[in-house]
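Here are my notes on the model you sent. Please read them with the structure open.

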Amino acid sequence: MANKVSAVDEKVARKRDRLEKYGDVVELAQLNAVQMTSVKFSVKPEFFADEDHRNLSYTIDKGTREYLRDDEVGMAFLSLKVEAKNGRKRTLYCEAEYLVTYGNLIDLNEEAVVAFLDRVAPFACYPYFRSLFANLDWAATTGLPPLPVHKEPARPRASNLQSAANTPPKRG
């Protein structure tokens, strides 16, 4: 029993330590730059033909994240894409690549910096991509609505998990 308790205590202590190190990054990080490094855009005539069967989606691909300790800089490379398909055929495509840079990262834990970049960098560059896409949409006269606000996927809260664990199952 003592081993089980100490293992749980150790796990809690490790999590607390990771959160503290992440908090240190949050406290010091300063957004230096959001730079677009490339953009691709294409729209095919078929895009305008069949509005009812068009599927539109956007994705954010998190590329490399780096912490340059000596330079006190964290960098995240991201690729943001919008795609429209009519059936299986891609009829509209927009991709932009960004470099997001945070500075003032003085002597921090690398794992915490990378976790910070992984979580925060998409939110830093998405408004720029959203604006870029709106301008390209206007220039191409595709008439699409604005891209949605980017949200982080919801995570279950510990309090919700605890209350769910204490709730007896419903019987049908």
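**Notes on the predicted model**

1. Asp107 is exposed, at 62% relative accessibility. The cut-offs are as follows: buried is under 20% relative accessible area, exposed is over 50%, and partly exposed lies in between (1.4 Å probe, protein chains only). Asp107 forms a salt bridge with Arg69, with the closest N and O atoms 3.3 Å apart. This pair links distant parts of the chain, 38 residues apart: Asp107 sits in the loop between strand 4 and helix 2, Arg69 in the loop between strand 2 and strand 3. Arg69 is partly exposed, at 38% relative accessibility.

2. Ground rules. This is a predicted model, in which local features need pLDDT of at least 70 and side-chain atom pairs count only at pLDDT 80 or more, while totals for chains, interfaces and linings use all residues. Residues are numbered from 1 along each chain as its sequence is written, and side-chain values use heavy atoms, with hydrogens and water left out.

3. Salt bridges. The term means a side-chain nitrogen of Lys or Arg within 4 Å of a carboxyl oxygen of Asp or Glu. The count by this rule is 10. Glu10 and Arg14 form one of them, with the closest N and O atoms 2.9 Å apart. Why do Glu10 and Arg14 lie about one helical turn apart? Because they are four residues apart in helix 1 (residues 2-28). Glu10 is partly exposed at 48%, and Arg14 is partly exposed at 42%. Lys62, Arg65 and Asp118 are linked in a salt-bridge network.

4. Strand 3. Helices (H or I, at least four residues) and strands (E, at least two) are DSSP runs, numbered from the N terminus. Strand 3 covers residues 73-86; 10 of its 14 residues are buried, so it is largely enclosed by the rest of the structure. Glu83 is partly exposed at 22%, and Lys85 is partly exposed at 32%. Their side chains meet in a salt bridge (4.0 Å, N to O).

5. Strand pairing. Two strands pair if DSSP finds at least two bridges between them. Strand 2 (residues 54-68) pairs with strand 3 in the antiparallel sense over 13 bridges. Ser57 stands opposite Glu83 of strand 3. Strand 3 also pairs with strand 4 (residues 89-103), again antiparallel, over 13 bridges. Here Ala84 stands opposite Leu92 of strand 4.

6. Turns. Strands 2 and 3 form a hairpin with four residues between them, and Glu72 in that turn has a positive phi of about 60 degrees. Strands 3 and 4 form a hairpin with two residues between them; Gly87 in that turn has a positive phi of about 70 degrees.

7. Helix 2. It runs over residues 110-140. The expected span is 1.5 Å times one less than the number of residues. A kink of about 40 degrees lies at Val120, shortly before Pro122. The bend is the angle between axes fitted to the seven residues ending at a residue and the seven starting there. Just after helix 2, Thr141 takes a positive phi of about 50 degrees.

8. Cysteines. How many disulfides are there? The count is zero, where a disulfide is a pair of cysteine sulfur atoms within 2.5 Å. Cys94 is buried, at 0% relative accessible area. Cys125 is buried too, at 0%.
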